[in-house]
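My entries follow in the order I made them.

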Amino acid sequence: MEVFYYVVFGGLAAVAAVMELSKTSKDRIATSSAFNAFKNNYCLVYSLMMAGDWMQGPYVYYLYSQYGFDKGDIGRLFIAGFGSSMLFGTIVGSLADKRGRKRACITYCITYILSCITKHSPQYKVLMLGRILGGIATSLLFSAFESWLVAEHNKRGFDPQWLSVTFSKAIFLGNGLIAIVSGLFANLLADNLGFGPVAPFDAAACLLGVGMAIILSSWGENYGDPSNSKDLISQFKGAAVAIAADEIIALLGAIQSLFEGSMYTFVFLWTPALSPNDEDIPHGFIFATLMLSSMLGSSIASRLMARSTLRVEFYMQIVFAVSAFTLLLPLISNFFVAPSTVKGGSISFSCCVQLLGFCVFEACIGIFWPSMMKMRSQYIPEESRSTIMNFFRIPLNIFVCIILYNVNAFPISIMFGMCSIFLFMASVLQRRLMVVAETHKSKPHDWTALKEKDSESDMLSIQI
């Protein structure tokens, strides 16, 4: 392995360590022992859930390529996952609100374990089934767990400001430290120990099983809409009314779709971007380096959110603008450095530059997750939280599916350029969200009025 990888990883690790060790009382929020026990339990479960997801990350594309599928075939497999999340995500989110968030979290574990099992088959149809199951699981991962946390936090009477503590710690561990360890462990299993690219998926299934056992034994159940008689159509309608009636919620949905759409496209493209001529790169180690960058970003986010004078709505504009620039690097590097045509070998200079840019982008992702969670907890109504959050994923999945369907139609650098444009748009929309939030700061959201409006429309439709 080249010295370059060690230098980047070591430099990021040093900065992350300094960031954590240099925290002062101004960077921390005082909490109670009861809350700390609750937070630690959630962070443990969330870390195990994310470990089950991250263990698979470095070797999904590589495993499919080892089975003999080209970029187009692999793109269609990824489309199946995002399409599944789009088609079934809103349904499972609504069921989580109605039938219970704890049940939804358990369903995530079972569904993802089944998805991992399918990776043992080289048959395209079986792999396609695995991607569909994975898409359903992803919808639950990014809605049910957060919804359960917010509801349980409020039910136990904890200070609303403490939510940011749990968010930043969960992202620091689950999307940072655990992701790094997962990448290194996946690299150990697949490459160093020679078990092959399917071994990380088996390890992921085991971790998900452990997490499910903890959920079953220590979590209580909570629900969204207290009306047990409300069917799925009514839940969808209520969520749509909330989005249409409040510009902030609509802006949150658009921003989330633009950023996460670019992020998931990056997940698909980083492997071929760094090895365009089949260069020999350490997938697991690079993945761990990217996750270290994400952990650094979450550490920065915890400092930012601890300052009451600095609003999330403000600094996220800068984060989106920086992320837009980083994904322009593949396009810019092609103008200044001629692409290599030599097959195999080590990573090229231009790809080294791109890797550094990708690390900055991952740091932006680390800031994005807890910051977006905090904004959602402030602006999205509790009774339809999972449903609304999965509504946000519909345009996100459409966007990713369109890009992946046309993966062979454009050079990778052009696709990164498109993602950069979307991230710049997210920055502009974030600016608008801040202005609207400032305007309505003295006027809290009246969710009761929205529910009454929804009920009136229901009565009118019945009378007609």
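The model is a predicted one. Is Ser262 buried or exposed? I read a relative accessible area of 0% for Ser262, so I noted it as buried, the cut-off being under 20%. Next I listed its contacts, leaving aside neighbours within four places in sequence. Ser262 touches Phe399, Cys419, Phe422 and Leu423.

**Entry: cavities**

Rolling a probe the size of a water molecule over the atoms shows where empty space is left. I counted three cavities of 30 Å³ or more. The largest cavity has a volume of about 690 Å³. I found 39 residues in its lining. Nearest the centre of this cavity lie Asp53, Gly57, Tyr112, Tyr264 and Val267. Which element gives the largest share of the lining of the largest cavity? I noted α11, with seven residues.

**Entry: the largest pocket**

I then checked open space. The largest pocket has a volume of about 430 Å³. It is lined by 19 residues, and the closest to its centre are Tyr61, Ser65, Thr271, Ser275 and Asp278. I wrote down the elements that give two or more residues to this lining: α3 (60-66), α4 (71-99) and α11 (247-274). The largest share of the pocket lining comes from α3, with three residues.

**Entry: helix α15**

I looked up Glu362 and placed it in helix α15, residues 349-379. Its relative accessible area is 6%, so I put Glu362 down as buried, under the 20% cut-off. Beyond its neighbours within four places in sequence, Glu362 is in contact with Phe266, Leu290, Met291, Ser293 and Ser294.

I noted both Arg376 and Glu146 as buried.

**Entry: other salt bridges**

How many salt bridges does the structure hold? I counted eight. One that I followed up joins Glu221 and Arg103, whose closest N and O atoms are 3.6 Å apart. This pair also links distant parts of the chain, 118 residues apart. Glu221 sits in the loop between α9 (199-218) and α10 (232-245), and Arg103 in helix α5 (residues 101-118). I read 21% relative accessibility for Glu221, which counts as partly exposed. Arg103 is partly exposed too, at 48%.

I also looked up Glu313 and Arg311. Their salt bridge has its closest N and O atoms 3.5 Å apart. Glu313 is buried, at 3% relative accessibility. Arg311 is partly exposed, with a relative accessible area of 24%. I then found a network: salt bridges with shared partners join Glu152, Lys155 and Arg156.

**Entry: a nonpolar patch**

I found a nonpolar patch of about 540 Å². Leu177, Val181, Phe185, Leu188, Leu193 and Phe195 make it. Val181 has a relative accessible area of 47%, so I noted it as partly exposed, since exposed means over 50%.

Definitions and conventions. Residues are numbered from 1 along each chain as its sequence is written. This is a predicted model: local features need pLDDT of at least 70, side-chain atom pairs count only at pLDDT 80 or more; totals for chains, interfaces and linings use all residues. Side-chain values use heavy atoms; hydrogens and water are left out. Helices (H or I, at least four residues) and strands (E, at least two) are DSSP runs, numbered from the N terminus. Buried means under 20% relative accessible area, exposed over 50%, partly exposed in between (1.4 Å probe, protein chains only). Contact means heavy atoms within 4.5 Å. Patches are made of residues with over 30% relative accessible area and no salt bridge: like charges are joined within 9 Å, nonpolar side chains (Val, Leu, Ile, Met, Phe, Trp, Tyr) within 5 Å. Accessible areas come from the Shrake-Rupley method with a 1.4 Å probe; for residues, only the protein chains shown count as cover. A salt bridge is a side-chain nitrogen of Lys or Arg within 4 Å of a carboxyl oxygen of Asp or Glu. On a 1 Å grid over the protein atoms alone, a cavity is a set of points where a 1.4 Å probe fits but cannot get out, and a pocket is an open set with protein on both sides within 12 Å along at least five of seven lines; lining residues have an atom within 4 Å of a point. Grid points are joined across faces, edges and corners, and a volume is the space filled by probe spheres set on the points.
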